[in-house]
Amino acid sequence: MPVSSGIGRRRFLAGAAGLAGLGVGAGVTAGGAAALRPAPTECTFGSETVDFHGDHQAGVTTTPPAHVTYVGVDLVPGANASVLGGILGIWTDDAARLTQGRPSLSDAEPELARLPARLTVTVGIGERVFTVADKEKLRPTWLRPLPAFGIDKLDPKWGQTDLLVAICSDDPMTVAHTVRVMVNAVRTRIRVRWVQRGFRESRGAQADGATMRNLMGQVDGTVQPDSSLHDSLIWDDGSAQPWFAGGTSLVLRRIAMDLDGWAELDRRGRELTVGRRLSDGAPLSGTSERDDPDFTAIKNGLPVIPASAHVARARRTGDRDRFLRRAYNYDDPPNGAAISDSGLLFAAFQRDIDAQFVPVQRRLAEHDALNEWTVPIGSAVYAILPGVREGEVLGSALHERP
Amino acid sequence: MTRGMKGKQPMTATQFISTRLFARAIAGAAAVLTVGALTACGSDDDASTTLTQAESVTLTDQWIKAADTEMTAEFGILTNNSDNQVTVTGGRSDAAGSVEVHEITEADGVRSMQEIQGGLTIPAGATVELTPGGNHIMLMDLTRPIRAGDQVTITLTFADGSTLDASAQARDFSGNQEKYADHETSSATSHAGE
């Protein structure tokens with residue numbers, strides 16, 4: 001590393017020591033001493049927390065932070081309601097502490113708990129748990145495998161698991177530590193089936209609340225239920241299963257993207273496929289992202305938004321067939337001759353999968369221009385447990401003795 | 001020895017009572033920290049004179065290391081809310097043949113665990129942390145496997161004969177090894193011989 005002759009070695013070391021290991025060498029140029037004393041960088045969001053306790057679990061309607069790790073685990077053979085209760089007890093305690101920037105009780109790396117950066121921990125349970133716990137009568141009717149869709153090429157590798165933990169934070173260090181802590185504390189009671197990591201634009205790279213882009217370059221997730229509709233469209237009201245009031249459902253689909261095939265399509269073709277402009281996500285019939293698409297607009301005798309476009313096929317036809325989308329991108333190491341393994345961890349939250357998610361997915365499976373470049377390769381559904389108050393354990397109706 | 005000792009303002013007499021009642025009611029761990037919020041109205045300055053050592057102490061953040069056989073350890077935070085020193089002399093649990101208070105000592109570069117002679121003393125108003133690699137409650141001759149998620153009730157015994165019951169949840173944990181790989185002094189052997 002070239003160090004300008006005007007700076008003695010001793011002074012360089014003194015300056016470097018003061019910078020506490022921040023790759024300082026890169027900043028050393030002929031400019032001299034000024035480069036050794038950059039303005040201290042302000043810490044911004046590391047200490048930000050999201051409440052853990054409440055009517056609902058965090059991590060659903062919460063503004064999505066930049067990183068997610070989904071961990072799908074199965075209960076060990078022979079597990080029962082008591083084993084389930086033990087796991088959920090530990091996870092509840094861990095989540096209550098870690099999300100507030102405090103180490104877990106058995107945290108072997110407590111320093112890694114100090115920067116929650118909007119950490120949320122969200123726990124879901126799969127259909128089989130109700131059998132294991134001998135609580136079939138408490139199972140929401142929609143908690144069952146999705147119908148088979150013609151477009152699916154599901155790999156069991158990414159399939160249904162007994163339990164799901166979704167861990168989100170703006171700091172990937174925090175995500176990794178939280179995953180490690182929570183799995184480690186119950187490692188003899190579970191088996192990790194899969195881990196799916198996802199990301200969005202980094203915190204601070206664009207305005208908070210801006211719609212994410214996926215790796216096909218599209219603005220992804222513009223149309224969402226207004227927060228005034230969360231109680232009716234997302235959160236269960238307990239009318240069918242009183243214990244489940246405040247819970248919701250998650251459909252998690254791993255959707256592989258054929259980025260090589262997509263690369264063969266020009267921008268016009270890409271925009272007609274989705275029905276939105278690539279530049280800003282505006283519908284082809286409008287001028288800005290939030291404009292309602294006009295599916296009747298005609299130009300030169302042709303629909304401005306083709307009937308086969310993704311937005312045309314996905315649009316709701318009534319009040320119920322919609323849900324909250326909370327996708328993250330994935331970009332994993334490729335296998336074989338491929339140069340990438342990329343796609344979307346598509347997450348849909350809704351009160352009732354059958355009434356809300358399935359009709360939309362049926363339409364898209366039947367026809368959606370985007371299907372040529374996207375393939376669902378993983379699919380699982382979970383009941384996202386209701387939130388807890390301090391001192392309560394998640395899902396207690398499933399494991400407490402009556 | 002009182003590793004991790006911190007000074008702490010003594011609680012009021014009514015807080016003592018709240019703490020005691022709460023300690024009896026509590027089944028799980030963490031929530032004990034909310035004890036301050038349970039303080040009742042009014043005060044009774046005479047109450048402190050009747051408090052036993054166990055009633056003066058709170059155990060919070062307690063957990064136990066899962067183990068199939070032989071022995072394991074409980075960790076947590078012991079706080080003496082009184083103006084008098086207290087001493088934990090041992091304990092009992094239906095999950096273990098015996099329960100002792102252990103410390104880790106270092107002699108000639110060799111670390112080993114042993115029972116604290118005379119018990120674990122907590123000065124007035126002080127907090128003592130029971131941690132992997134530090135002071136801990138040792139459960140020996142386990143009567144059954146203790147698996148992650150299990151709740152185990154452990155009764156701590158104090159020098160005045162009073163007792164404090166608390167339930168601790170078991171966690172899978174690889175630390176607090178009874179044998180130290182570098183030295184193999186096998187405090188496990190000494191445990192077994194006690």
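How far apart do the end C-alpha atoms of residues 57-200 of chain A lie, and how much of the span is helix and how much strand?

**View 1. The annotated span of chain A in the predicted model.** The end C-alpha atoms of residues 57-200 of chain A lie 21 Å apart, and the span is 26% helix and 22% strand, where helices (H or I, at least four residues) and strands (E, at least two) are DSSP runs numbered from the N terminus. An unreviewed UniProt entry places the feature "domain: Dyp-type peroxidase N-terminal" at these residues; UniProt positions follow the numbering used here, feature names are shortened, and annotations may be inferred rather than shown by experiment. This is a predicted model, in which local features need pLDDT of at least 70 and side-chain atom pairs count only at pLDDT 80 or more, whereas totals for chains, interfaces and linings use all residues. Residues are numbered from 1 along each chain as its sequence is written, and chains are lettered from A and ligands numbered from 1 in the order in which they are written.

**View 2. The fold of chain A.** Chain A comprises ten helices and eleven strands, and its C-alpha atoms fill a box of roughly 75 × 70 × 45 Å along the principal axes.

**View 3. The side of chain A that touches chain B.** The contact (C-beta atoms, placed from the backbone, within 7 Å) takes 19 residues from chain A and 16 residues from chain B. Helix H2 (residues 81-98) of chain A supplies the largest share of the chain A side, eight residues.

Key: Contact = placed C-beta atoms within 7 Å.
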